[in-house]
Amino acid sequence: MAISLIKKTKLVPNVDPRHRAWVEVNPDAIEANTKVVKNVLFKSCLLMAVVKADGYGHGAFTVAKAVLRGGAQSLGVATLQEGIDLRQSGIECPILVLGNLTNPEELGACIDWDLMPTLSGSKESSLCNQLAKQKNVKVRVHLKVDTGMTRLGCELNEAPALIHEIDNLSSLDLQGIYSHLALADGDLDETSAQVTAMQKQKFDNLISQLAKRSRSLCKHLANSAGTFLDDQLHYDMVRVGLALYGYSPINQERKDVELQPAISVKARITFVRDVAPGTGLSYGHKFITKVPMRIAVVGIGYADGVARSLSGKISVLVKGQFCPQVGSITMDQLLIDITNFPNIHVGEIVTLIGSDGKKAITASDWSRVIGSIPWEILCSFKYRLPRVLI
Ligand SMILES: *Cc1c(COP(=O)(O)O)cnc(C)c1O
């Protein structure tokens, strides 16, 4: 949920002086990215926007509204609670729960909130049917089939029988079948291309085995990477997350795809001090000054989502200038070197991710430094950072 500002006093939201650190979210960028994704799809291909993990840290409700404006037809979430939160905020479009719901309480709530469960086996299918019957409703479901991710999904060779079984369960309405690519990020090397081709082949085999029955099913396989890689992976719908938030999943970028990051992470300078040569900075004195330096304390730390492993490896932007982060990042604060910028004072806004003037820092810059991926960086910003819409 987006955290709104205290409304008592009127202040320009993105410079609220009561905020020490915050996340700025630009819904227009998410809407524009949604249109960019729609542009690479055939007219008949549907777009499911994946808004799990609080919309990859951007605020699920904010993202949901933006992607629906941009033309997405449905939403995907990971957990039951994420789906319920969206329904409680008034989102009415179809929502698919991508995770596996196993017990009657979860499946029952899923039905009550009109969320579509993903089924991977016969046990949940009959349980879901039983619950739906008791509630006197027909439940729309999708079946997941494993083609090589080896995570959720029934075995490929069990799928035809399972589909037949579900078709015979009178309170279930099988709307779709899907699988998930093991390819998501990184270089499109020979191995990843082979794995994707193998997964596609398996999915195609199943579809042809199902013959006529497959026609009325919504078939879907691609994530962001699959969507940009090859339109043969699109089928009837694609499930896109990362690209909607402005990041390209693959290192080889497509020229026709212009995505804009929708998030900025900002904090304020809370203290400035001059330090003599030979002074140890922050925990462990991992950084010792060699020359006189001016150091600024910034009110954001690893408890806000700035990973401690980034210590000493990133720069931040202040007044359009890169300033190196120095010493260990602590729970609530970090230090930056402002020796070369005498015009920087307490209260100044520091951009950790985002742009300031002509310069910019992205989640990909951080993920490269610590051997992570942009997905992980985006969903790492904590609730202590208010989400401010710009
Ligand atoms: C997270 C997820 C997606 C979206 O993946 P991106 O790489 O962010 O586009 C699609 N499908 C499933 C099943 C997922 O779990």
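Tutor: Four bridges join strand S2 to strand S9 (residues 237–240), and the two run parallel. Strands pair here if DSSP finds at least two bridges between them. The strands themselves (E, at least two residues) and the helices (H or I, at least four) are DSSP runs, numbered from the N terminus. This is a predicted model, in which local features need pLDDT of at least 70 and side-chain atom pairs count only at pLDDT 80 or more, while totals for chains, interfaces and linings use all residues. Residues are numbered from 1 along each chain as its sequence is written, and side-chain values use heavy atoms, with hydrogens and water left out.

S2 is also joined to strand S3 (residues 74–77), by three bridges, and these two run parallel as well. Of the five residues of S2 (residues 46–50), four are buried, so the strand is largely enclosed by the rest of the structure. Buried means under 20% relative accessible area, exposed over 50%, and partly exposed in between (1.4 Å probe, protein chains only).

The structure holds three aromatic pairs. In one of them, the ring centres of Phe203 and Tyr235 are 5.0 Å apart and the planes are at 85°, so the pair is edge-to-face. Phe203 lies in helix H8 (residues 190–210) and Tyr235 in the loop between helix H9 (224–229) and S9, 32 residues apart. Rings of Phe, Tyr and Trp (its six-membered ring) pair if their centres lie within 6.5 Å; planes under 30 degrees apart count as stacked, over 60 as edge-to-face and the rest as tilted. Both Phe203 and Tyr235 are buried.
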